[in-house]
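Have the viewer open as you read.

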Amino acid sequence: MSTTQSTAPTKPLRALPGSYGIPFFSPIKDRLQYYYSQGQDNFFKTRADEYKSTVFRTNMPPGPFMAKDPRVVCLLDALSFQVLFDLSKVEKKDLFTGTFMPPTSLTGDYRVCAYLDPSEPKHAMNKKLLFSLLADRHKQFLPAFHDTFSKFFDGLDAAVGGEKKEADFNALNDVSSFDFCCRAYFGVDPASTSLGTDGPKMVSKWLLFNLHPLMVLGLPKVVEEIFLHTFHLPPFLVKSDYKKIYDFFYSAAADILDKAESIGLEREEACHNILFATCFNSYGGFKVFFPDIFKWLALAEKPLHKRLREEIRSVVKAEGGSITMAGLEKMELTKSVVYEVLRIEPPVKFQYGKAKKDFVLESHDSSFEIKKGEMLFGYQPFATKDPKVFADAEKFVPDRFVGDGAGMLKYVYWSNGRETDAPTEGNKQCPAKDFVVLMGRLLVAEFFMRYDSFEATLGTILLGPKVTITSLTKATSY
């Protein structure tokens, strides 16, 4: 039960502002504003300013043809957003990507765990399997990361020292993150299998087919509107790639698939779920999260770099010269930096839930009646930058969560839950929540064991920031 949604409202009751407009036409108009004329942030900000409310009605893309119903109640503040974690009030069935759902032919004709509501029996079984995978392999995480990302850093060195004098962080990260996930979870080097070095490209193509209704590729508007935002890309165009990826996982994940059968899951269904969790959730997450970290480190520049390397190296020295789990827990600034990245630029921007019953929702200053069946949508970048919760909410504050600041982690929601909550078989919080945070901290620690500082130029690509490393200062002392 959400602690912020009491049975009796404590704020003045207000009619929900906003309008869905004219069916069919208004959702298209809203979609054009969202993707082109206003952009995501301004789309929500202009409406919040107009209605003088952080809770209002609007249409969410992709809209007609692609979505069954584009109408949502939008939640933009840290208080109202939390209702999306309250499973006594909201249902999560088929809402992972929002008002549309990709064809199940992209996942072997199965509804994988991300699209299941916890009330469905297969949800607990699949989540239990993922917890088991993480528990069985946890001792391999640090060595697999060190081995894989040492090659990543070698690639940065070679590129920055080469003819172009710069390194494409994202491209190198794609290869290393996929390699790491396969090594960490299954102990298999994908390049040594029939998948070869094509895994990241094939997975990225498959991700595009899952997420294209939410994307803008820079093509002519009419082309994007027809082929990306109005109709699903034909799944058969990625079928052969998906089959190769599936065959790899069917072999690489043999041990965990054996365990799946022992708890009552079909081997094939379990394999599609493992593939999705690895490629969409883990690899897809690192594809965005790791560049996010380096974007904010680059913007913070050298004073923060100095503080981080001093903390990391002193802890590693005290731990005997190696990065350990215990050592990572002692790196307070490093932990805070990673949490602050997840707060200020959460890798998943959207959360959805459908009201199971009539109830009263509260924002900071008002109460609103929500009716059974209404779709609730939370735009996380606004909720986790709520100025009524965080001081300097729009500013990257590296030590925000150090010391007493750790109490504010309950307002960091990137994992489909509060950072202070734990994922369980009965909720929708990311099962690898702690793993993701750990890997972010490990990336920072490994980097500053090897380098004193770096500089980068920043841009934007499909799923997040484009980071180009332009200089690296090797570690001068340790």
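Of the 125 residues in the largest nonpolar core, Trp206, Phe290, Phe435 and Met439 touch the most other members. A nonpolar core here is a set of buried Ala, Val, Leu, Ile, Met, Phe, Trp, Tyr and Cys residues joined through side-chain atoms within 4.5 Å; buried means under 20% relative accessible area, exposed over 50%, and partly exposed in between, with a 1.4 Å probe and protein chains only. Helix α11 gives this core its largest share, 17 residues. Apart from it lies another core of 17 residues, including Tyr34, Phe44, Met60 and Val72.

A word on the model: it is predicted, local features need pLDDT of at least 70, side-chain atom pairs count only at pLDDT 80 or more, and totals for chains, interfaces and linings use all residues. Residues are numbered from 1 along each chain as its sequence is written, and side-chain values use heavy atoms, leaving out hydrogens and water.

Contact means heavy atoms within 4.5 Å, and neighbours within four places in sequence are left aside.

| Residue | In contact with (heavy atoms within 4.5 Å) |
|---|---|
| Phe435 | Leu134, Phe141, Phe180, Tyr185, Phe286 |
| Thr107 | Val112, Trp206, Tyr242, His272, Phe276 |
| Cys430 | Ser415, Pro423 |

Thr107 sits in the loop between β3 and α4 (121–137). Why does Thr107 count as buried? Because its relative accessibility is 6%.

Cys430 lies in the loop between α15 (380–383) and α16 (433–450). UniProt, in an unreviewed entry, places the feature "binding site" at Cys430; UniProt positions follow the numbering used here, feature names are shortened, and annotations may be inferred rather than shown by experiment.

Now for the helices and strands, which are DSSP runs numbered from the N terminus (helices H or I, at least four residues; strands E, at least two). Helix α12 covers residues 302–318. Its buried residues, among them Leu304, Ile312 and Val316, pack against α11 (267–300), α13 (325–330), α14 (332–344), α16 and β9 (451–461). After α12 comes Gly320, with a positive phi near 100°.

Five strands form an open sheet in the order β1-β2-β8-β5-β3, with mixed pairing; two strands pair if DSSP finds at least two bridges between them. At the edges are β1 (55–59) and β3 (90–91), each pairing on one side only. Strands β2 (residues 71–75) and β8 (residues 375–379) run parallel, joined by three bridges, and Leu75 has Gly378 in β8 as its bridge partner.

Methods
Expected span 1.5 Å × (residues − 1).
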